[in-house]
Amino acid sequence: MAQAKPAKAEIKILTANRLRNGETVYYTAAGEWSPYVTQAKVAATPEEIEALTKIGAAAYAANLVVDVAVIDIVPGGEVKPAHIREIIRATGPTVRSDLNKSVAP
Amino acid sequence: MYIYDKFDHAITQERVNEFSQQVARRLVGELSEEQFRPLRLMNGLYLQLHAYMLRVAIPYGTLSSKQMHKLADIAKKYDRDYGHFTTRQNIQYNWIKLEQVPEILAELASVEMHANQTSGNCIRNVTADQFAGVAGDEVEDPRIISEVIRQWSTFHPEFSFLPRKFKIAVTGAVKDRAAIQYHDIGIQIVKNDAGEIGYAVYVGGGMGRTPVVAPLINPFVRREDLLSYLETCLRVYNLHGRRDNIYKARIKILVRDLGPDEYRRQVDEMWPMTKAAGVDVPAGEVARIEAFFAPPAYEKVSEPVAAYADAKAKNPAFARWIQTNLHPHKVPGYGAVTISLKPIGGIPGDASSAQMHAIADLADKYSLGELRVTHVQNLVLPNVKQADLFAVYQELVKIGFADANIGLASDIIACPGLDYCALANARSIPVAQDLSKRFGSLDRQHEIGPLQIKISGCINACGHHHAGHIGILGVDKAGQELYQITLGGAGDEKASIGQLMGPGFTGEDIGGAVEKVVNTYLGLRQSPTETFIEAYRRVGPAPFKESLYGRR
């Protein structure tokens, strides 16, 4: 009988856009929403991911943020989103270097 | 140009007030996002990757210099100093703050503009031939009925919650410069054997997931019957359109599933009832609107203009620009200038506030204060005297918009793609920039001849890839951007849907793949005058597939 594949390691962060101005933001360990992706609080266990999901839902319900999502990041080192879409959200349009966003303060 | 009457002003201002209150209620939490979303969409406000995006309507692509100045001011004050002209003749701002939207709408209203119905499941901004009123080949100026349709469709209570969005385009000429057969309803102004003006009505075209070239549903709707006919077309759709499945909710699916004959039968059966309700516009009101589009005070110009001929002879770059960017005008001595928003390596459709101001100034100085937006994401100065063409060209050189590439390989349509859009699967703009540079040489572009490349970053097809001679569709395959090639599409009066060539290419390889397609065409065309689309229609996809994928 074939063995079940081990669950893929998931490392995630919580992101959204600020309701008032649409700015891309990340939930931080300090419990705030930051525009800098490297400040995002990292969740590495199912329990931590569940906790982030609940925080996102609560912030949405409180009308602080919209378009809430828990997203994958690249394992190890500085926080970096895994998918190109999220990299662009974090760093700005790739075609306007003058509008690049900083990933850290 | 049309000038608002007291009713236009009143409803525009009322909408500003209404949406301002809705924004305020959203910001304090009285409206949830679920409640607010359809309201903001009806006011052209999206949430994209980096911020809110506001889509401002430019009805039938007609714009005054004053309005262009205002669009530039908004770009500077509320956005990041630029705007993006779209395939629906609108302008989009990419970095909008929700809390500032009421102010922006008030600013727009001050110049008779708005963002009403630029999104949502309603009748969207009506589009038209960018050369309306100046093209020598038109039966009638399409702006007249476009304005009638704008007024009829604005806040139309029955059509504010359609199964899906609804787009109408109008052409006044046989030569279709508005891609009417790719619209939910496409209208061609025609003249019958008796010399009466009427409308050929195509229904059920569209791009997106299921591209359809609209069938002709009625070859001649009489002038006085147009609105009751359109209303009936929409009423049948509103009754029977699929609300249960977003992918099957457009009218193109209804017309396809019923068949054009049955759809036509249902419309014809219902039409007398709609007509009896008195929907049609009285001739006097049409005449009132028509008066706004009366030809401006053109000067009598005795041709040929010596200075113009001299400038062309002495400036080869100017002569080439004239060759591609000047459209014949119905008035002798005048021309319609297309301003290319496709500088080599640039972002298709983008213009900075400084560029917008400069173009508005050109319109004031040289084009009787008027501008147009094209569905190919360019701008038009519709009324330029031949004697002024060289001066206009020189001014455009200064602002970086003098590329002589209209209708050529680097005149590329590209949607905002994954650089901005929340729906996109892949980036469009970098592909457009790569291709623009590859085909940047004007000599090469002229050797290739007329070629329309259109790029969409997702299946929604805002970049019109289905209608591209060469269409490129960005897809996401396991997190990687891939680009599929379709060939043989066209959005003109010989509309056709591009055929998929095969598996997609990476962002690094797509440029080379398009070059292979173009080189294959150059190798097989019968003469330099056989265009890409003509050659493709003659030989079919096989040689192009072989050039891309080898013998299979």
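In which order do the five strands of the open sheet in chain B stand? Select E6, E7, E8, E9 and E10 of chain B in this predicted model. The order is E6-E7-E8-E9-E10, and the pairing is mixed.

**Chain B: the sheet**

Start at the edges. Colour residues 127-128 for strand E6 of chain B and residues 216-222 for strand E10 of chain B. Each has a single partner strand, so one side of each is left without a neighbour in the sheet.

Next, select residues 168-171, strand E7 of chain B, and residues 185-191, strand E8 of chain B. These two strands run parallel to one another and are joined by four bridges. To see one of the bridge pairs, show Val170(B) together with Ile187(B), its partner in E8(B).

**Chain A: overview**

Switch to chain A, which has two helices and four strands. Along the sequence they follow the pattern β-β-β-α-β-α. The C-alpha atoms fill a box of roughly 55 × 35 × 20 Å along the principal axes. Chain A has 105 residues, of which 39% count as buried. Show the surface: chain A exposes about 5,800 Å², with carbon and sulfur atoms supplying 55% of that area. Colouring by charge brings up 12 positive and 11 negative charges, whose mean positions are 4 Å apart.

**Chain A: Ile11**

Centre on Ile11(A), in the segment before strand E1 (12-18) of chain A. What does Ile11(A) contact, leaving aside its neighbours within four places in sequence? The contacts are Val42(A), Ala43(A), Ile71(A), Asp72(A), Ile73(A) and Pro75(A). For a distance check, pick Pro93(A): its C-alpha lies 25 Å from that of Ile11(A), and the two residues are 82 apart in sequence.

**Chain A: helix H2**

Finish with residues 84-91, helix H2 of chain A. Show the side chains of its buried residues Ile84(A), Glu86(A), Ile88(A), Arg89(A) and Ala90(A). After H2(A) comes Gly92(A), with a positive phi near 100°.

Note on methods. Residues numbered from 1 in each chain as written. Chains lettered and ligands numbered in written order. Predicted model: local features only at pLDDT ≥ 70, side-chain atom pairs only at ≥ 80, totals over all residues. Heavy atoms only, no water. Pairing = 2+ DSSP bridges. Buried < 20%, exposed > 50% of the residue type's maximum accessible area, 1.4 Å probe, protein only. Areas by Shrake-Rupley, 256 points an atom, 1.4 Å probe, with all protein chains shown as cover. Lys, Arg positive; Asp, Glu negative; His and termini not counted. Charge placed at Lys NZ, Arg CZ, Asp CG, Glu CD. Contact = heavy atoms within 4.5 Å.
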